[in-house]
Amino acid sequence: MFGLGPDVKRNVNEAIKNTIAEFEARDNFTTKLGEPVIGYADVRNPLFDMFFTRGLSKHPKEILQAGYTVVVYFLPYDEDAVRENLNSKEPGEKWKKAFFDTMWLSMRINANVRQVFEDVGRLTSLMNVPTDWDEKRHIEGWSHKLAAFAAGIGEIGPAGCFRTPDGRLGRVGGIITDGIYAADFDMLSNEQLETVYQQILTDSCFQEAENVECSDEMISACPGCAISKGGIDRAKCQEYCKTINEHTPSPDVCGKCFRF
């Protein structure tokens, strides 16, 4: 009853790629992107329960109670934007343009993917971009990145960034559907979930994490002076990123520490 056949998966892939091609043909869309990476995560995966109980992210069921699958996609930035951001003192113009270009692209991708599911009678969420920023906790309410981590398409890095196994950086987006489409997941024990939680904090390099020690190069790369040997100060990071994007002061709009 809930199964999604191979045609739906193919149509989702085509919807994402066709939307990217449509945007790249526009004169005002100057960002170049690599091949998108697409994944599927089962909302019953215990990782989502851990993200919720640990306060890292909303649970998919909070967004779509009937949901069973989170469809996530990673839009890798072209190396020119990454290289410029690496070599500039402030966040590079191509990097910032990529952040805003892909924000609008992500919203259109979600609309087109949603249509794919509606065509086969499936329900979907209305997720677009993380505009529900928590000013006090310095995180977005729902994390596309952690969903992509649960889908197994990449890992978490400094300041909670998301990158593929080969180190590519970019934007993550997603949508939730009531169809069951994700592969089987591992039933992790509480001890294993605790290990994953601590590893995510450590890899994010936030000050409250265990065994964090930031290099001098990483410290000097931060234009907001938010990084010390003991990690990244979330409040200072947000304060600086707010000067670039007032409404969603995510570290992604800066990205200077993502390469470490």
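1. Helix 2 (residues 46–53) and helix 7 (residues 190–204) have axes that come within 10 Å of each other and cross at roughly 60 degrees. Helices here are DSSP runs of H or I with at least four residues, strands are runs of E with at least two, and both are numbered from the N terminus. The axes are lines fitted to C-alpha atoms, for helices over the stretch in contact, and the angles run from 0 to 180 degrees between N-to-C directions. Helix 2 and helix 7 are therefore oblique to each other, given that angles under 35 degrees count as roughly parallel, over 145 as roughly antiparallel, 65 to 115 as roughly perpendicular and the rest as oblique. The crossing of helix 2 and helix 7 is right-handed, a term used if the near helix is turned clockwise from the far one by less than a right angle, with left-handed used if it is turned anticlockwise.

2. On the basis of the model: this is a predicted structure, in which local features need pLDDT of at least 70 and side-chain atom pairs count only at pLDDT 80 or more, while totals for chains, interfaces and linings use all residues. Residues are numbered from 1 along each chain as its sequence is written, and side-chain values use heavy atoms, with hydrogens and water left out.

3. In the contact of these two helices, P46, L47, M50 and F51 of helix 2 meet L193, V196, Y197 and I200 of helix 7, where contact means heavy atoms within 4.5 Å. By class, this contact of helix 2 with helix 7 has 8 nonpolar residues, no polar and no charged ones. Ala, Val, Leu, Ile, Met, Phe, Trp, Tyr, Cys and Pro count as nonpolar, Asp, Glu, Lys and Arg as charged, and the others, Gly among them, as polar.

4. Helix 4 (residues 79–87) and helix 5 pack at an angle of about 130 degrees, with their axes 7 Å apart, and are therefore oblique to each other. The contact is made by D80, A81, V82, E84 and N85 of helix 4 together with E93, K94 and W95 of helix 5. The residues of the contact of helix 4 with helix 5 divide into 3 nonpolar, 1 polar and 4 charged.

5. Aromatic pairs are counted for rings of Phe, Tyr and Trp (its six-membered ring) with centres within 6.5 Å, and planes under 30 degrees apart count as stacked, over 60 as edge-to-face and the rest as tilted. By this rule the count comes to 7 aromatic pairs. The rings of W95 and F258 have centres 6.1 Å apart and planes at 70 degrees, so this pair is edge-to-face. W95 lies in helix 5 (residues 93–119) and F258 in the segment after helix 9 (234–241), so the pair ties together parts that are 163 residues apart in sequence. Both W95 and F258 are buried, where buried means under 20% relative accessible area, exposed over 50% and partly exposed in between (1.4 Å probe, protein chains only). Y77, W95 and F258 form one aromatic cluster.

6. F99 and F100 also form an edge-to-face aromatic pair, at 5.1 Å centre to centre and with 85 degrees between the planes. F99 counts as buried at 3% relative accessibility, whereas F100, with a relative accessible area of 29%, is partly exposed.

7. N211 has a positive phi of about 55 degrees although it is not a glycine; N211 is found in the loop between helix 7 and helix 8 (216–221), and at 73% relative accessibility it counts as exposed. C225, likewise a residue other than glycine, has a positive phi near 50 degrees; C225 is found in the loop between helix 8 and strand 8 (227–228) and counts as exposed at 61% relative accessibility.

8. A147 is placed in helix 6 (residues 144–150) and is buried, with a relative accessible area of 1%. Not counting residues up to four places away in sequence, A147 touches A41, F48, V70, V72 and W142. The C-alpha atoms of A147 and P60, which are 87 residues apart along the chain, are separated by 8.9 Å.

9. Q238, in helix 9, counts as buried at 8% relative accessibility. Leaving aside its neighbours within four places in sequence, Q238 is in contact with W133, D134, E135, H138 and P249.
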